Amino acid sequence: MTYLDHAATTPMLPEVLAAMTEQLGRVGNASSLHASGRAARRAAEQSRERLADALGARPSEVLFTGGGTESDNLAVKGLFWARRGADTQRRRLVVSPAEHHAVLDSVEWLVKHDGAEVTWLPVEPSGRILPEALAEALGDGRDVAVASVMWANNEIGTVSDIAALAATAHAVGVPLHTDAVQAVGQVPVDFAASGVDALTMTGHKLGGPMGAGALLLRRDAECTPLLHGGGQERDVRSGTLDVAAIVGLAVATGTTVSRREQRAEQVGALRDRLVQGVTAEVPDARLNGAPLDDELAGGPGRLPGNAHLSFPGAEGDALLMLLDARGIECSTGSACSAGVARPSHVLLAVGADGERARSSLRFSLGHTSTDADVDAVLDVIGPVVERARRAGLGRR
Amino acid sequence: MRVLAAMSGGVDSAVAAALAVDAGHDVTGVHLALSQNRQTLRSGSRGCCSVEDSHDARRVADELGIPFYVWDLADRFTEDVVDDFVAEYAAGRTPNPCLRCNEKIKFSAVLDRALSLGFDAVVTGHHARLAGGELRRSVDSAKDQSYVLGVLTPEQLAAAWFPLGGTTKDRVREIAAERGFAVATKPDSHDICFIPDGDTRGFLARRLGSLPGPVVDATTGATVGEHDGTYGFTVGQRKGLGVSAGDSRPRYVLGIEPVSRTVTIGTADLAVVDEVRTGVPTWTGAAPALPARFEVQLRAHGTPVACEVSAADGGLRIALAEAQRGVAPGQSAVLYEPDAVRGDRVVGQAAVADAR
């Protein structure tokens, strides 16, 4: 099996599995006052410190959540409600249209049900959001509740200059949220240095468990809770802490971030060989997103594990199926809840036409990827694309 | 053999896929997303293309350990089946959308795509027998679906596989239960999948709007009522005419004239026909030498009638041994060669153009 869908989820690290297994055998509610409770709380708080340390945040800025979707919902809705509550003219959201659906659908829900307005940011053909574009959309910022721009795009892997965007937002007094689910562990992420007010991250994209994530939230950022109850997590996210998952999240984050530089080099080299090999086999295949060697503010301008390609004349879902039948697992990058392939909203946002958006595949590499994985793709991609193109011709 | 199993989410296609796996083939499941509004929840036993049905199909595929994908054919289905259905009614005819779907979607768009992608055959849960290129009725006469497959050509049949033709529906449910499929007790789908509330007249009214016209008595020539659209009527229809013709004898729709939007009604003796004219036929095998004696079935679940078939004006003339009521233009006349042992063989079909 050739697993090239690490952006969907990546295998758990052995040290995470060991740490979680140990914790799962222990009793104790981190909110209880007795010895078992104290032991659980200690494990949770050590994890909070470890995660904060890995990401340049203070421990008190770490709110544990159920994952990326919850963190995005909490940031967008919670910051919107709190900011509009403080000043009713702040009804506008300024958001990139290439965000993950956890952000997009939260925004659309606020527009539909809660009187919000939205300004969609223009996206560069590379997928990047520029500070000038944000500045123009914000205007004087007085009517803006919150802005949200992802650190790195989950489909095409393009990184935006989040520190510059945060400075732009702050210049007019607007808080910036960033979805860094794909960025953490792949590119340098420092919460304090970036200046953002809220940052979404999740465990299972970097070798941790599913169902565990965090929202990094500046201490001075007001955020209205989604979940009410026992008042855990600064009263912003009630619910009994899932200590084992939190331990796993922290071990995964700490380990992956500490190995990031070396891993990025290895994974990036494999990715480059994959893209070069595929374009040699299929000369009209087209790389979507930023160039492979793109640089931004001293770091990579594209996620090192991301290869997103369009194959003109072939349907992404046919390619995926043919590769799956040959033991190669990748993604078309976008699927709705019904499992029906739709043209990627990200590619449409960067100006691709529907045909190019439908003809794309995402290969995403990670910590277990090898040269053999790349070879497996290069062995079959030519005939697979040819066959998919023949199938495509039969359709109107 | 590499086979593509079309999985609707119902019990039949689930068992058909399972039998294909049992037979040792390399099976891939596909659910066809046909509805433009997939979030519609299943209501009762109608429909086969909601999100819930897609989940049901996926569950079975996962239990069988086969790959499963959803193919979005909603645009083609809308164009080739739904719009065609509306246009046919607007033209005063009575179409069979399931037959059209088999002709244009399942055994055309899907089959073509499957063959292009390297599959050898498409397997479905239709109740019909197919062996040696001969399409025959199912052993379960109550569940036989050979009528809606009658439009298939030899080329289409060559790449089709119907594993359930020799199995009764009750046995299909037993097999599903033995395998622990949750769909074992799922109700049969019936009616038209894109009209989930079963209200065909209401569906057509929403699509076509009010197109009023007269209801005329065939005997007197008198206008006896008004209607909101000819699409609310089918030749042979007795109930819901909404007119009083002056006596207590039941009236039937005899004809629909779409240009003047005239619906003609008459008494039972006028509603029967013994000769049917059709458009260009399709054959499931080599075209038979005509004239020839066959049985003809004029609607899904209709009773077959002995007939003599001859060529006429590019179409067929079908002389019925027994007069029939309610033979509507647009319906498919499917011809069978009776065979009590192996099952009646489907010879071909043609759309009814006129009946007298």
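Tutor: Chain A is assigned two domains: domain 1 covers 2-9 + 260-393, and domain 2 covers 14-257; such bounds come from an automatic or database domain assignment. This is a predicted model, in which local features need pLDDT of at least 70 and side-chain atom pairs count only at pLDDT 80 or more, while totals for chains, interfaces and linings use all residues. Residues are numbered from 1 along each chain as its sequence is written, and chains are lettered from A and ligands numbered from 1 in the order in which they are written.

Let us begin with the two domains. The C-alpha centres of domain 1 and domain 2 of chain A lie 27 Å apart. Across their boundary, 27 residues of domain 1 of chain A are in contact with 28 residues of domain 2 of chain A (contact requires that the C-beta atoms of two residues, placed from the backbone, lie within 7 Å). On the side of domain 1 of chain A that touches domain 2 of chain A, at least two residues each are supplied by α9 (260-281), β11 (299-300), β12 (306-310) and α11 (345-349) of chain A. Here helices (H or I, at least four residues) and strands (E, at least two) are DSSP runs, numbered from the N terminus. That side of domain 1 of chain A divides into 11 nonpolar, 13 polar and 3 charged residues. Ala, Val, Leu, Ile, Met, Phe, Trp, Tyr, Cys and Pro count as nonpolar, Asp, Glu, Lys and Arg as charged, and the others, Gly among them, as polar.

Next comes a sheet. In chain A, 7 strands form an open sheet with mixed pairing, in the order β2-β8-β7-β6-β5-β3-β4; strands pair if DSSP finds at least two bridges between them. At the edges stand β2 (62-65) and β4 (117-120) of chain A, each with a single partner strand, so one side of each is left without a neighbour in the sheet. On average, neighbouring strands of this sheet are turned by 20° against each other, direction ignored. Within the sheet, β3 (residues 92-95) and β5 (residues 144-148) of chain A run parallel and are joined by 4 bridges. Val95(A) has Ser148(A) in β5(A) as its bridge partner. Helix α4 (residues 101-113) of chain A packs on this sheet and touches β3, β4, β5 and β6 (176-179) of chain A. The direction of α4 makes about 160° with that of β3(A), where axes are lines fitted to C-alpha atoms, for helices over the stretch in contact, and angles run from 0 to 180 degrees between N-to-C directions.

Two further helices pack against each other. The axes of α5 (residues 131-138) and α6 (residues 162-171) of chain A are 9 Å apart, at an angle of about 20°. The helices α5(A) and α6(A) are therefore roughly parallel to each other (under 35 degrees; over 145 is roughly antiparallel, 65 to 115 roughly perpendicular and the rest oblique). The crossing of α5(A) with α6(A) is right-handed, meaning that the near helix is turned clockwise from the far one by less than a right angle, whereas anticlockwise is left-handed. From α5(A), Pro131(A), Leu134(A), Ala135(A) and Leu138(A) meet Ala164(A), Leu165(A), Thr168(A) and Ala169(A) of α6(A). By class, this contact has 7 nonpolar, 1 polar and no charged residues.

Finally, consider one loop residue. Glu233(A) lies in the loop between β8 (213-217) and α8 (243-258) of chain A. Although Glu233(A) is not a glycine, its phi is positive, at about 55°.
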